[in-house]
Structures are given as structure tokens and as C-alpha cells.
Amino acid sequence: MSDAFVKLSGLTLGYGRTVAVPALDLSIREGELIALLGPSGCGKTTTMRAIAGLLDPSDGTIEIDGRDVTRVPANKRGIGLVFQSYALFPHLSAHENVAFGLRLQKLPAEEIRARTEEGLATVGLTGFGKRKPAEMSGGQQQRVALARSLVMRPKVLLLDEPLSNLDARLRLEMRTELQRVQKETGITMVFVTHDQAEALALADRIVLMREGRIEQLGTPADLYARPETAFAAEFMGFENIFRTEGAAVVSDKGRLPLAAVPQSPILAWRPDAVTVGEGPHEGRVAAASFAGAHREYVIDSALGPVKADAAIELPEVPLGGTIRFDLPLATARGLAA
Amino acid sequence: MRHLATWAILGLTLTFLIGPFLIIILAGASDTEYLAFPPQGLTLGWYFKVFTVESFRASFVLSMALAVFGTLAALLLGVPAAYALNRYDLPGAETLRTVVAAPIIVPGIIVGLALLRYMVVPTGVTVTAALFMAHTALVLPYAVRVVSSSMNNLRADMEEAAVLLGCTRLQAFLKVVLPNIRGGVLAAFILGFVTSFNQVPVSLFLSGPGVRTLPIDMLAYMEITFDPSVAALSALLAFMSLAIVFAAERLLGFSRYV
Amino acid sequence: MFRNTREGLALALPAAIFSTLLFLVPVGILLSEAFRGSAGGWSVQGYIDFFSEPLNRTVFLRTLKLGLLVAGTAAVIGYAAAFCIVNLGPKTRGKVFGMVVLPLMISPVARTYAWIVILGRTGIVNEAITGLGLSDTPLRLLFTETAVFLGLLQLFLPLMIISLVSAMENIPRDVIPAARVLGASWIEVFFKVILPLTKEGLVIGGTLVFTGALTAYITPAILGGSKVLMLETLLYQRVNVSNDFVSASVIAMILIVMSFSANLLLKRIATARS
Ligand SMILES: Nc1ncnc2c1ncn2[C@@H]1O[C@H](COP(=O)(O)OP(=O)(O)O)[C@@H](O)[C@H]1O
Ligand SMILES: [Mg+2]
């Protein structure tokens with residue numbers, strides 16, 4: 001198994017004069033499920049379209065399975081793409097949609113039928129072949145789109161925000177579905193999302209993108225526990241991020257002393273890493289909400305708002321009440337500037 | 001009371017709009033030698049007579065050919081233009097749109113005269129060819145507009161999906177775009193056909209010996225003869241248009257596109 | 001994928017070139033004809049000559065007058081009819097609307113010809129008048145402004161009704177009952193609610209009817225003849241009878257300027273709203 005099944009080198013992408021993605025380097029292993037994560041407009045779709053061949057790079061190369069495909073046209077590249085809008089053909093039934101690409105390959109009719117049925121079965125749509133897209137729910141349409149790409153046995157399957165058009169319940173269902181299909185087929189998949197929970201739950205590795213560049217790349221556990229920049233930390237749910245100055249954290253609003261001088265120029269705490277009910281600092285409860293296993297407070301402090309989760313056993317502090325808290329160095333994540 | 005008023009207004013309006021049409025059907029069936037209404041006796045004679053008038057036959061064929069081939073030519077030019085204007089980010093798209101739509105704004109009689117004077121006369125193009133081009137240009141704006149609006153609902157990513165499944169750009173257009181705008185193209189054809197067939201001002205100056213569109217021929221006939229045959233022919237043409245529109249509506253919900 | 005501008009132009013240009021060569025260029029030359037002085041060079045003498053002739057002024061004003069009159073009448077009838085249509089049940093509504101649209105598909109020659117049957121010497125109206133003994137000799141009803149007016153109104157009224165119906169369909173459902181409940185009379189409802197909310201439809205319909213009436217040839221030709229000339233029939237006469245291309249060019253310019261301004265107005269209003 002080669003280490004870089006898909007290899008992007010110095011890939012530069014843009015629209016007219018504006019550069020959306022400057023010099024991107026990325027290696028994807030065979031059989032991997034990779035998430036492109038990042039806020040809207042950071043270049044995820046652009047990157048994906050370039051891999052598929054729908055957008056010509058202004059510089060750099062794309063290699064797939066050891067072959068330079070930078071100049072190979074989209075219809076010869078052997079890459080599958082599931083569009084965010086599904087892009088099903090409205091005049092064709094589910095079966096015909098799935099068979100579309102196979103028919104173009106002029107395969108024997110029997111093989112086309114068999115592979116189409118198999119594809120529909122893989123996504124759990126056996127018996128829905130005769131339906132037109134308009135007669136199917138969003139989730140079903142999504143499955144057809146998935147099957148339509150899968151039956152082509154692409155080297156790489158790209159999925160652009162595959163879950164974002166589904167309602168919450170279906171989204172969870174499709175998450176497991178996608179994972180199952182990926183494990184069953186062993187296909188290399190790249191999916192785009194702006195939802196960190198989705199990326200964490202699904203991906204083998206996450207590519208966190210920011211303004212067309214890779215901010216951080218790693219396993220979900222890596223990214224979750226060890227974000228390297230403030231941007232990455234914020235994305236991973238570190239809601240309290242402050243600069244340090246000597247033995248203190250500072251913000252535009254003010255400063256709070258720390259127990260010792262920290263190593264890092266920036267420190268970050270998740271809400272559950274903030275100690276509540278005891279500690280050297282004091283603040284006023286600006287907002288409080290009950291979240292089952294814990295209580296979420298927004299504490300108005302000398303630093304401005306601090307978000308903190310308190311164990312449910314602790315006595316509830318009313319809105320406006322005074323609350324003690326600590327930002328322990330031990331639970332802080334140190335970040336690069 | 002409200003009901004009565006509603007139907008009185010609608011009744012009068014519809015009578016005004018449709019009544020004249022019913023009148024010519026009857027007038028064409030009058031057994032008098034001159035136009036009379038109400039007819040004293042009824043005959044289908046005039047309805048049959050129009051088929052024997054040589055000039056009507058010739059001009060009917062010409063008008064048919066102009067309407068069919070002019071509209072086809074307009075679609076051949078208009079469908080790619082509508083596609084390009086929808087899909088591509090073209091420099092000067094607004095200008096292109098205006099230029100293609102211009103024939104709707106310029107009164108037909110002026111177009112006919114201009115073509116006669118600056119194309120037929122100096123270049124020796126035949127009147128028939130000029131008629132054909134004029135009718136094509138006349139229908140072009142409708143073709144572009146109707147096809148555009150049916151292409152509007154068609155997302156570009158469908159074509160990209162087709163390409164990723166192995167289609168060339170042309171195949172993607174033929175297999176994915178065309179089937180989905182078929183209704184619009186057909187609607188454009190019918191609208192173009194009817195517009196072209198009924199068109200008078202453009203063809204007014206573009207007529208020569210033996211070359212006359214049917215409506216122009218009818219105008220000429222009316223000036224000499226007062227028998228009910230023009231009424232009969234008018235009624236027949238109206239029926240033809242209505243039949244086409246009805247069939248179109250039944251088959252593809254024509255009115256959605258117009 | 002669709003960023004290849006050259007490809008897009010290759011698809012769009014044939015239509016644009018066709019339109020340019022067959023339309024813009026010949027029409028442009030025709031329009032320039034009136035500005036070409038007899039001694040070469042440019043002049044507006046053609047326009048001065050044209051408007052100094054009383055007949056031309058009469059025809060110009062008549063065309064304008066009939067255009068406005070037809071549009072105005074169509075608006076009044078159109079509002080009444082559209083209001084009735086919008087308040088019909090869905091089934092009847094489709095049928096009635098269909099009957100309004102249908103005449104548009106019928107040859108204008110046929111539709112205008114009907115008025116000869118109605119207004120002619122031996123037509124319905126005259127038969128009735130002489131039959132009832134109101135007059136011994138048939139009245140001359142054809143070749144009058146009234147005949148042209150009726151013909152044009154019949155030809156273009158559907159366009160107004162269609163525009164107004166689609167405008168009224170966009171009035172939120174409960175607005176009119178709400179206004180009534182608040183104590184507005186029907187007249188107030190019309191001027192304070194319906195009219196402002198359908199202004200756009202009125203302008204669209206008005207423009208279509210006005211330019212239609214302006215540039216109609218058949219109706220003034222058949223129902224007006226040389227007694228009631230309008231700009232289009234005058235143009236035809238000037239070319240065919242007197243070979244006067246300067247006048248033709250002036251008339252062409254007037255027609256284009258008038259229908260172009262109407263269309264511009266329409267576009268402005270359409271974009272102002274969206
Ligand atoms: N068709 C386009 N034309 C011009 N700029 C575009 C186009 N599509 C995307 N962009 C720009 O490229 C950048 C990246 O966009 P995109 O890849 O769609 O982001 P994402 O998918 O991560 O939300 C954005 O700044 C966006 O505005
Ligand atoms: Mg995107």
C-alpha cells in the first residue's frame with residue numbers, strides 16, 4: 001500500500017484573479033476516510049472540484065495512484081463526486097440514474113443491471129429503482145447519488161457536505177451508513193464538512209482548512225486533544241482562549257493571574273476544563289443553562305465572558321450571583337501564536 | 001348579487017374577445033355572394049372554396065414552410081445562445097441579451113422594409129430567403145426567452161455529475177440538459193410557429209411575384225373580393241392555431257412555459 | 001467547468017451575429033436615411049419636412065391618442081375582468097383564463113376581419129339599425145377611428161388582463177378582506193390597496209398594449225384604410241405610393257423611440273422591484 005494514494009503538490013486554485021487555495025500539499029492514503037473541515041468559504045469545495053477535474057489548477061499537480069492526472073479531463077479521471085445538491089438527473093428513475101455511468105461504458109446489459117441492483121442494495125434502496133428523484137425524500141436522493149458514484153468503482157470518492165441537507169435524525173443515520181459503506185467497499189473517501197462533530201465521528205484523519213491553507217492535519221483524537229493554533233482550538237470546542245503575559249492571562253477587557261508563568265503565548269480551556277465553585281477568581285453569572293449531566297455557565301469576569309461547565313452536584317448559582325472559578329494551568333492547552 | 005356582477009363583467013369581456021371569432025365562423029358559412037351577418041342561409045361552400053384558390057394554396061405552403069423552418073433555424077441559433085447565457089459568465093452578456101432580444105422591440109414593418117432595401121435590393125438575395133431570415137430573427141427572441149426560462153431551473157452541477165460519470169460535454173448536454181428542457185424547446189417551437197405563421201408586418205414589404213405569405217395574401221384578396229371566403233379561411237386558420245395550442249397544452253402543459 | 005469564455009461565446013455569438021446583421025445593421029441604415037441631407041452630410045431637414053406637413057402631424061397625434069386610449073380602456077376593463085377572474089374557483093378560473101389567452105393565438109387578420117362583418121354596410125350593427133328603422137341608409141362605421149379603436153382593443157386587451165391577473169395573484173390572500181373589515185369602501189380598497197399592489201402589472205400590461213397598438217399594421221389597414229391612417233399604414237403608403245424613404249425613416253424612428261421608451265420604462269420598473 002503506497003503511502004500517498006492521492007497526492008496534491010503545490011496545488012494552486014482560483015477563480016479569475018482571486019486565489020482561493022494557494023499552494024496546497026496533501027497526501028491521502030489508500031482506503032482512508034478523510035474529512036476536509038473548515039468554515040464556509042475556506043476552499044473545501046474548490047479543492048474537491050480540482051481533484052475531480054472540474055476546476056483547472058493554475059499551478060501544482062494532482063497525482064492519483066502514482067499517476068499525474070493534473071491534465072486528465074474530468075470524464076476520464078475515474079473519480080466519483082457526490083454533490084451537495086445530489087445533482088440527480090430529474091428525468092431518470094433511481095435505477096437509470098445509478099446505471100447512467102455504466103451505460104456510457106457500454107458494458108453488457110446484464111452486468112449493468114447486476115451492478116446497478118447491487119449499488120442500490122449497498123445504500124439500502126432495493127425496490128426503489130423505479131422512483132424518480134422527485135418522488136424520493138432527501139435522504140433517499142442522497143443514497144441514490146452515493147450509489148450512482150459507487151457503482152463506477154472510482155479510485156476516490158469525494159463527498160461535498162454529504163450530510164448538511166439532511167435533518168438531524170437522518171444525519172446521524174447517514175453518518176453510520178457512510179462509515180459502513182466505506183468499510184465494506186474499502187474505497188478512498190474524502191468528504192467535506194463544516195461540522196467538527198461530523199468530522200470527528202467519521203474520519204480517519206481530519207484536514208482542518210483555513211483560508212485555503214491547511215491549518216492542521218491529524219487524527220480526530222489528535223485534533224480534539226492537541227489543537228496547535230487558536231483557530232484549530234476554537235474549532236475543536238476550546239471556548240476560552242486567551243493570550244498570556246508573564247504569569248497572567250489577558251484579554252481586551254483585563255487580566256487574571258495564573259499560578260505560574262506558562263510556556264505558551266496562548267492558552268485555551270474547554271468549558272469542562274474550567275474549575276467552578278472554588279478557585280482564586282470571582283465572577284458574576286451572566287447566563288446559565290441546564291445540560292443534563294452538567295450546568296453551563298457564562299461567567300462575567302475580569303477577562304470578559306468565561307464559559308464553564310459545572311458538575312450537576314454543585315449548588316446552582318442564580319443569574320447575577322457571584323461564582324468562584326479557576327483557570328488551572330494543568331487543564332490548559334498551550335497554543336502557538 | 002356579487003355573483004351576478006362577476007358573471008356580467010366576465011360575460012361581456014369574453015363576448016368582446018371571443019364573439020368576433022364565432023361571428024366569422026358563421027359569416028364564412030353564409031350562402032350569399034357577399035359578406036352578410038347573420039347569414040340568410042348556411043353553406044359550407046366557402047370553406048371548400050378556399051382550398052381551390054390557387055394563390056391561397058401557394059401562400060399557405062410558403063407560410064407553413066417559413067413558420068416551420070424559420071422556427072427550427074431560430075431554435076438552432078437560440079438554444080445554444082440560451083445555454084451559453086445561462087451557464088457561462090460571459091463578458092458583455094447583457095449586450096448579447098439585448099442584441100438577441102432586439103427583434104421584439106423593433107416594429108416588424110421596419111424590419112421588413114430595412115431588409116428589402118438594404119439586403120434584397122443590393123445583394124440580390126431572393127425575397128424568399130429574406131423572408132426566411134426575417135422570420136427566423138423574429139422568432140429568435142422567443143426561442144431564447146422560453147428556452148432560457150426552462151433552463152433556469154436546471155442546475156449546472158447535473159452536467160458536472162454527468163461528466164464525472166464519463167460523459168463528454170456534448171453528451172452531457174444531449175443526455176442530461178436536453179431531456180430536461182424538451183418541454184421548453186417544444187413550447188418555444190409552438191410559440192414561434194404561431195407567431196411566424198400569423199405575422200404580417202415583417203412580410204408586408206417582403207413579397208414578390210408569386211411570393212406572398214398567407215396573411216398578406218388574404219389582405220390582398222380582401223381588397224378585391226368581398227365574398228365570405230376570407231371569413232371561412234380565417235375561421236379555418238383560427239381552428240388550426242387552436243388545435244395546435246390545445247394539443248400542446250394537453251401533451252406538455254404548454255402554458256407553463258409561455 | 002463553465003469558465004471557458006471562448007466556448008460560451010462560440011455558442012452565443014451565432015445568434016448575436018445573426019441578429020446584428022439582419023436587424024441592427026439594416027434597421028440602423030434605414031434610421032440614418034432621414035439624417036442624410038440632399039447635398040451629402042448630416043441634417044435634420046427630413047424631420048422638419050415631415051412634421052411641417054399637417055397630415056403627418058395628424059397621423060402622429062392620432063397614433064399616440066389611439067395608443068393611449070386603447071391602453072387606458074384596456075386597463076379599466078382589465079381591472080374589472082382580472083378581479084373577477086382571480087376570485088373564481090380554481091377550475092372555472094383556468095377555463096376563463098384560457099378563453100382570455102386563446103385569441104392571442106389566432107391570426108390578427110382573422111380577428112380583425114370579424115369587425116368588417118360586424119361594422120360593415122351589411123354587417124350586424126347596420127342590419128340592426130336599418131331593421132329597427134333607426135335609419136334608412138346604413139351608417140358608415142368602418143374606416144372610422146372608432147372601428148380602429150375597437151379592433152385594437154380586441155386585439156390587445158388579453159395582454160392587459162393577463163398582466164393584471166398575475167399581478168393580482170400576488171396580492172396576499174387576506175389583504176382585501178382585512179381592508180374591508182377596517183372599514184374601507186370598495187372604492188377605497190381599489191385605490192389604496194389593489195392599485196398600489198398591482199402597479200407593476202398595470203405598467204407591464206399598459207406597455208404591452210400601448211406598443212402593440214402603436215405598431216399594429218393589420219387593424220388600421222383593414223378597419224381604418226386611408227381614411228384613418230396611423231403611423232404604420234402611413235409608412236406603408238409613403239414607401240409604396242410615393243417612394244418616400246425619408247418619411248419612412250422618420251416614421252421608423254418615431255415608432256422605435258416610442259416603443260423603446262415604453263420598454264425601457266417597463267424594464268426600469270421591473271428591476272426597481274426585484
Ligand atoms: N465560482 C466562483 N467564483 C468566484 N469565487 C468563488 C467561486 N466559488 C468559490 N469562490 C470563492 O473561493 C473561496 C472558496 O470557496 P469554496 O471552495 O466554495 O469554500 P467552501 O466549500 O469551503 O465553503 C471563497 O472565498 C469563495 O468566495
Ligand atoms: Mg462548499
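The model is predicted.

Start with chain B. It is built from 11 helices and has zero strands. Read from the N terminus on, the elements run α-α-α-α-α-α-α-α-α-α-α. The C-alpha atoms of chain B fill a box of roughly 70 × 65 × 30 Å along the principal axes.

Next, how chain B packs. The chain has 258 residues, and 60% of them count as buried. Take the contacts in chain B with a separation of 6 or more: 72% of them join residues 24 or more positions apart.

Move on to ligand 1. Which residues surround ligand 1? They come from chain A, and among them are A:Tyr15, A:Ala20, A:Pro39 and A:Ser40. The shell also includes A:Cys42, A:Thr45 and A:Thr46. Helix α1 of chain A, residues 44–52, gives the largest share of the shell, with three residues.

Backbone atoms reach the oxygen atoms of ligand 1. A backbone N or O atom of A:Gly41 lies 2.6 Å from a ligand oxygen. For A:Lys44, a polar backbone atom is 2.8 Å from an oxygen atom of ligand 1. For A:Gly43, the distance from a backbone N or O atom to a ligand oxygen is 3.1 Å. On its own, ligand 1 has 560 Å² of accessible area, and the protein covers 58% of it.

Definitions and conventions: Residues numbered from 1 in each chain as written. Chains lettered and ligands numbered in written order. Predicted model: local features only at pLDDT ≥ 70, side-chain atom pairs only at ≥ 80, totals over all residues. Heavy atoms only, no water. Helix = DSSP H or I, 4+ residues; strand = E, 2+ residues; numbered from the N terminus. Buried < 20%, exposed > 50% of the residue type's maximum accessible area, 1.4 Å probe, protein only. Contact = heavy atoms within 4.5 Å. Near = heavy atom within 4 Å. Polar contact = N/O pair within 3.5 Å; in protein donor to acceptor, adjacent residues only side chain to side chain. Areas by Shrake-Rupley, 256 points an atom, 1.4 Å probe, with all protein chains shown as cover.
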